[in-house]
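These are my notebook entries on a structure that I looked up residue by residue and then chain by chain.

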Amino acid sequence: MLLSDVASHLKLEFLGKDIEIESMNELSLSSSSQLAFAIHKKYSYELKSSKAKAFLITNALIEHLPEDSSYIICEDVSISMAEATKLFYKKPIEQRLSHAVVGQECYIDAMAKVEKGVVIGSNVTVMAGAYIGTNVVIGDNTIIYPNVTIYRDSVVGSDCIIHAGSVIGADGFGFSHTKEGKHIKIYQNGNVIIENDVEIGANCAIDRAVFNSTIIRRGTKLDNFIHIAHNCDIGEYSLFVAQTGVGGSTTLGRNCVVSGQSAFSDHLDIAPFSTFTARSGVTKSISNSGGVYSGFPLMNHRDWKKLQARIAKLND
Amino acid sequence: MLLSDVASHLKLEFLGKDIEIESMNELSLSSSSQLAFAIHKKYSYELKSSKAKAFLITNALIEHLPEDSSYIICEDVSISMAEATKLFYKKPIEQRLSHAVVGQECYIDAMAKVEKGVVIGSNVTVMAGAYIGTNVVIGDNTIIYPNVTIYRDSVVGSDCIIHAGSVIGADGFGFSHTKEGKHIKIYQNGNVIIENDVEIGANCAIDRAVFNSTIIRRGTKLDNFIHIAHNCDIGEYSLFVAQTGVGGSTTLGRNCVVSGQSAFSDHLDIAPFSTFTARSGVTKSISNSGGVYSGFPLMNHRDWKKLQARIAKLND
Amino acid sequence: MLLSDVASHLKLEFLGKDIEIESMNELSLSSSSQLAFAIHKKYSYELKSSKAKAFLITNALIEHLPEDSSYIICEDVSISMAEATKLFYKKPIEQRLSHAVVGQECYIDAMAKVEKGVVIGSNVTVMAGAYIGTNVVIGDNTIIYPNVTIYRDSVVGSDCIIHAGSVIGADGFGFSHTKEGKHIKIYQNGNVIIENDVEIGANCAIDRAVFNSTIIRRGTKLDNFIHIAHNCDIGEYSLFVAQTGVGGSTTLGRNCVVSGQSAFSDHLDIAPFSTFTARSGVTKSISNSGGVYSGFPLMNHRDWKKLQARIAKLND
């Protein structure tokens with residue numbers, strides 16, 4: 001798509017050369033064929049060093065654009081960005097692709113739906129009611145239990161187990177908000193990558209990324225009802241006990257242990273080997289590895305135990 | 001059904017004229033063809049002004065009945081009401097209806113189940129494994145992802161997106177309790193109405209009303225794992241972050257923002273433009289709009305922040 | 001399978017007679033044809049009185065073995081136990097069984113999947129997208145709503161209702177952990193038993209037992225999003241409000257009431273007629289019946305109310 005097409009869709013003008021746009025991305029991750037966007041002044045530095053050639057931008061930030069940039073000046077970059085994502089949205093199903101490729105020794109139930117463009121390894125089990133979307137890739141020996149839904153473009157590794165009712169790759173929860181209080185959908189054009197040897201419990205939901213990928217790294221095990229939001233990166237060999245949730249773009253290092261009903265805010269960076277006891281509420285990044293945490297607000301587990309004793313004394 | 005049939009089912013006598021009953025409803029919402037019920041003395045005023053002509057009632061409340069009422073005197077109105085709801089229960093599937101009506105340019109996967117009596121607008125996508133129950137109505141341009149279940153009689157608007165694994169219209173959690181501790185099902189004979197431009201995340205559950213409708217108003221967006229109980233009314237353009245729950249008959253005004261793992265008790269009335277930070281526990285109605293709240297018990301967000309600081313000092 | 005086969009799989013030697021092993025079980029529950037295991041010294045007493053004839057055991061515990069035992073000495077019994085469970089794992093689907101048996105007056109939707117070896121009573125409804133696994137037994141009059149998944153070997157009683165999206169019998173969350181931080185799956189070879197007159201809401205998950213059974217006893221009612229972990233035993237006529245979770249091997253007596261978003265740790269024993277208000281966090285067993293509890297850490301409801309008032313005063 002040409003930048004002029006984007007401008008036309010947004011009913012805005014573009015300046016600079018009309019160039020071909022393949023997709024959209026955040027400033028710091030954009031390539032030369034992607035449309036980037038700069039909303040806040042705090043991005044002026046990232047703007048200067050961006051590899052993108054085309055931008056959605058406010059008037060105030062134009063001076064920080066790299067030389068030879070093409071750009072669309074937006075009154076509200078957040079809204080325009082959301083509107084532009086719709087142009088790069090892929091339909092839930094691609095009908096024009098050729099058939100799926102299924103390896104040897106697989107069991108694909110006749111009542112499972114495997115869309116065109118899927119590539120499945122050998123010795124894979126896909127049970128009745130499972131849905132495998134367009135372009136999904138599944139590695140060897142993986143078991144997909146009944147009524148699992150894997151949205152298009154997801155990647156699932158080898159030796160994985162995905163239990164019934166889990167949903168991989170649904171849209172992340174992303175909207176821009178108008179002054180009138182309406183919510184404009186930011187189309188979620190990324191995907192989910194699940195590495196090898198991951199087990200996902202029943203009725204989990206792992207959302208696709210807005211751009212790029214949500215990642216569950218190898219050897220990680222999720223219990224039931226785990227919510228992983230868009231653009232999370234969950235480290236290797238982590239454990240998530242039931243009914244926990246991770247907010248968007250939060251990164252956990254390897255071998256984290258997250259006990260039941262805990263939750264993480266978005267955009268956090270959690271050190272490896274961190275342990276969270278039941279119902280921890282994590283709202284800040286953690287830089288030192290190996291800690292044990294509790295409570296909401298979060299604190300060291302020892303402090304939390306001491307604090308609970310002090311609180312209980314209030315009743316004396 | 002005649003009131004005499006209801007009495008016969010309950011093994012109780014009726015007094016007054018034998019009249020035709022179409023369905024049941026709460027006192028204040030009943031029409032002249034509905035069977036109402038009065039359990040507590042506090043309903044004596046509502047009783048006087050009720051439009052219903054037929055009642056389940058305790059002996060103590062008979063004096064408050066409107067003139068010319070027909071009624072069944074119950075030892076335990078709550079139990080009799082539950083038993084009576086079974087008479088008006090609609091089977092999960094109606095087999096006798098004619099075919100579904102599907103508009104133009106729709107994609108209905110051959111592995112989706114669309115029951116008879118369904119009406120679907122134009123340009124609607126219903127993916128594999130989705131279930132669309134008897135008499136469901138779906139508006140234009142709506143996308144139903146795989147393995148979504150929409151129970152009979154639900155109404156879904158135009159331009160909606162319902163992500164995989166979500167369940168619309170399952171029975172609300174309603175029981176009457178015997179003295180021996182058994183739970184008698186109150187059949188949930190209402191429905192769910194989802195207005196236009198609503199997005200529902202993966203693995204949500206929105207229960208049908210016991211009588212009347214559970215309503216999600218236009219432009220509201222739900223993240224994953226949202227629980228909306230029977231008879232809720234969720235205002236326009238509200239946002240629900242993952243793993244939140246709303247108890248039965250609770251009403252939220254427009255543009256509320258409910259952060260992750262928050263919950264509301266039943267029978268609350270929440271003012272519009274209210275914001276709830278993560279893990280808020282709301283147990284009382286809120287009458288002033290525009291507030292920001294936190295904690296459980298709930299308080300103003302500023303008070304909560306101050307309180308957390310004070311609590312932390314206990315450990316000094 | 002012979003004990004020598006188990007030893008060979010574990011790459012360990014066995015001592016004593018080579019005997020036939022039918023399955024595995026915990027020490028105290030093992031029969032003479034089951035392989036038991038003893039990890040900690042605290043099991044030395046149970047070891048002496050065990051009915052098992054074959055054991056996975058550490059060197060330090062050999063002296064406590066019953067006479068004439070056969071055994072495999074393990075460096076890490078936990079890891080060896082996990083590896084051994086794989087030998088007794090039943091495939092998700094048995095293809096060699098004869099057809100399912102379905103009683104009279106049933107409605108089994110053509111888009112439901114009923115595996116071979118299933119036994120279904122009379123007047124049962126199985127709706128589109130439901131999955132009924134190998135050897136599942138379902139009693140009379142039960143309704144299975146769309147997109148429910150019932151894993152193999154589960155037992156569902158009569159007069160039950162299972163709402164859409166619920167998952168019965170997925171693997172419990174059980175792993176042994178290597179020194180390098182990897183998680184070795186403990187195959188969950190038990191099942192789920194749901195007794196008569198149980199209603200399960202939408203999108204619940206009740207995990208199968210590692211050995212033996214997870215049990216939901218008669219007349220119990222679950223709201224939406226309830227998580228019941230492996231080997232739980234939930235007493236008769238209990239009520240679970242939405243988004244609650246119960247950890248592994250926890251037992252609740254009859255007529256417990258568990259309010260929304262509450263949770264129980266694993267291995268607890270909860271007295272009958274206990275009531276838990278919203279968001280209770282239960283980490284210790286309760287031996288006296290009839291109490292009302294709140295908070296996390298849990299306390300008597302009255303104390304909790306008093307404590308909340310005291311805490312609120314900190315802000316004065």
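The entries below record what I looked up in this predicted model.

**Entry 1: an aspartate in a loop.** I began with Asp109(A), which I located in the loop of chain A between strand S7 (107-108) and strand S8 (113-114).

Entry 2: I next looked up Val119(A), which belongs to strand S9 (residues 119-120) of chain A. With a relative accessible area of 37%, Val119(A) is partly exposed. Val119(A) forms a nonpolar surface patch with Val101(A) and Val137(A), and their accessible area together is about 210 Å².

**Entry 3: chain A against chain C.** How many residues does each chain bring to the contact? I noted 40 residues from chain A and 52 residues from chain C. About 3400 Å² is buried between the two chains, and carbon and sulfur atoms give 60% of this area. I found 24 residue pairs in polar contact across the interface, counting pairs with both residues at pLDDT 80 or more. The two chains are also linked by two salt bridges. In a salt bridge between Lys185(C) and Glu199(A), the closest N and O atoms are 2.8 Å apart.

Definitions and conventions:
Residues are numbered from 1 along each chain as its sequence is written. Chains are lettered from A and ligands numbered from 1 in the order in which they are written. This is a predicted model: local features need pLDDT of at least 70, side-chain atom pairs count only at pLDDT 80 or more; totals for chains, interfaces and linings use all residues. Side-chain values use heavy atoms; hydrogens and water are left out. Helices (H or I, at least four residues) and strands (E, at least two) are DSSP runs, numbered from the N terminus. Patches are made of residues with over 30% relative accessible area and no salt bridge: like charges are joined within 9 Å, nonpolar side chains (Val, Leu, Ile, Met, Phe, Trp, Tyr) within 5 Å. Accessible areas come from the Shrake-Rupley method with a 1.4 Å probe; for residues, only the protein chains shown count as cover. A salt bridge is a side-chain nitrogen of Lys or Arg within 4 Å of a carboxyl oxygen of Asp or Glu. Buried means under 20% relative accessible area, exposed over 50%, partly exposed in between (1.4 Å probe, protein chains only). Contact means heavy atoms within 4.5 Å. Buried area is the accessible area (1.4 Å probe) that two parts lose on being put together, summed over both. A polar contact is a pair of N or O atoms within 3.5 Å; within protein, one must be able to donate a hydrogen and the other to accept it, and residues adjacent in sequence count only if both atoms are side-chain atoms.
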